[in-house]
Amino acid sequence: MAYSLEKKAELHSALARNMERMFFSGRYSDLVVRCGAMQWRVHKAVLCPQCPFFERACDGTFKEAEEGVITLQDDEPFAVQCMLHFLYFATYSDDYHWIDAGPDYDDENVSEDVAELSEGEGVIEQLPPMLINVHVYVLADKYDIPHLGKIAARKFEERASNNPFSEDFAKAAVMVYTAAVDRDRELRTIVVSVANDIAHNFGKTTIGEVFRKVASTIPALGSDLWQNLAEFNEMGAAEYNHSRCPKGCGWFLPLTSIAEGSEGKLVCMKCSTASEKGEWIATEVDAEGLTREEAWLEIVKFA
């Protein structure tokens, strides 16, 4: 039976509403997922077809299958919440205000930044969105949910690109290089790419010092930054169109604006010395007077 686009949209909307009622009410639940002090009443028919881990746990002879309770010992609770939300709605939100922990939370005790269990087991602080997305990426790999990993990577890239001068970005870089299983290097590529885009400004911000310490203590991150630098140098870049005085006085100017002296040499207007044009070209810098190597040293030099 063929449906019109309008009818399909209506059916999808009805299905989404039903899934929402199931997820947030816990009605007809036949499985409990616990993580830390949080728990959710969920449905095997939703989780198992999408996640091999839940399928094995529910179909096998494990105690989880008999008791109907699965405990995720070492995972981040809010990341688990995002994973479960994805399995019901094919997406998730990493916003601070999105803290619903399922039907076992007392809504009156939910504030903007923390969620309190109705059973009084304490307060759970939510991680910043950038870090949540890294945790979700880790879970997607751990529990074999590839599309969730793709969404987590995209959300992480958006957060990192929009707020690269934050301490969260430095913390996320640490986690990406020390905790995340990044077989396809997707998150590592994002970290290096974002760092590359803002390299010249790291020296002007307090986060620059934090990131330098991060890069100096994680060899893989430092290696990737230098590899990116090497590739960048091979490609060249239009913004490196200034030259610095070869004699070391620090003066720099666009090469085409440097005065020509006797014998075709170019004269520095600060120290008045003349140098061959090739020497000026060899000291190619950006509009802030930094070579490519110096710009990257602002990030990866040892503290």
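Biologist: At roughly what angle do the axes of helix 6 (residues 129–142) and helix 7 (residues 146–162) cross?
Modeller: This is a predicted model, in which local features need pLDDT of at least 70 and side-chain atom pairs count only at pLDDT 80 or more, while totals for chains, interfaces and linings use all residues. Residues are numbered from 1 along each chain as its sequence is written, and side-chain values use heavy atoms, with hydrogens and water left out. Axes are lines fitted to C-alpha atoms, for helices over the stretch in contact (heavy atoms within 4.5 Å), and angles run from 0 to 180 degrees between N-to-C directions. The axes of helix 6 and helix 7 come within 8 Å, and they cross at roughly 160 degrees.

Biologist: Is helix 6 roughly parallel or roughly antiparallel to helix 7?
Modeller: Angles under 35 degrees count as roughly parallel, over 145 as roughly antiparallel, 65 to 115 as roughly perpendicular and the rest as oblique. With axes crossing at roughly 160 degrees, helix 6 is therefore, relative to helix 7, roughly antiparallel.

Biologist: How many nonpolar residues does the contact of helix 6 with helix 7 have?
Modeller: Helix 6 contributes P129, M130, N133, V134, V136, Y137 and A140, and helix 7 contributes L148, G149, A152, A153, K155, F156, R159 and A160. Ala, Val, Leu, Ile, Met, Phe, Trp, Tyr, Cys and Pro count as nonpolar, Asp, Glu, Lys and Arg as charged, and the others, Gly among them, as polar. Two residues of this contact are polar and two charged, and the number of nonpolar residues is eleven.

Biologist: Is the crossing of helix 7 and helix 9 left-handed or right-handed?
Modeller: The axes of helix 7 and helix 9 (residues 186–197) come within 10 Å and cross at roughly 15 degrees, so the two helices are roughly parallel. A crossing is left-handed if the near helix is turned anticlockwise from the far one by less than a right angle, and right-handed if clockwise. Helix 6 passes helix 7 in a left-handed crossing. For helix 7 and helix 9, the crossing is right-handed.

Biologist: Is H43 buried or exposed?
Modeller: H43 lies in the loop between strand 2 (38–42) and helix 2 (44–47); helices (H or I, at least four residues) and strands (E, at least two) are DSSP runs, numbered from the N terminus. Beyond four places in sequence, H43 touches M22, G26, R27, Y28, S29, D30 and Y88. Because its relative accessible area is 5%, H43 is buried.

Biologist: How far apart in space are A90 and H147, C-alpha to C-alpha?
Modeller: A90 is in the loop between helix 5 and strand 4 (105–110), and counts as partly exposed because its relative accessibility is 49%. Leaving out residues up to four places away in sequence, A90 touches H85 and I151. A90 and H147 are 57 residues apart in sequence, and their C-alpha distance is 8.7 Å.

Definitions and conventions:
Buried < 20%, exposed > 50% of the residue type's maximum accessible area, 1.4 Å probe, protein only.
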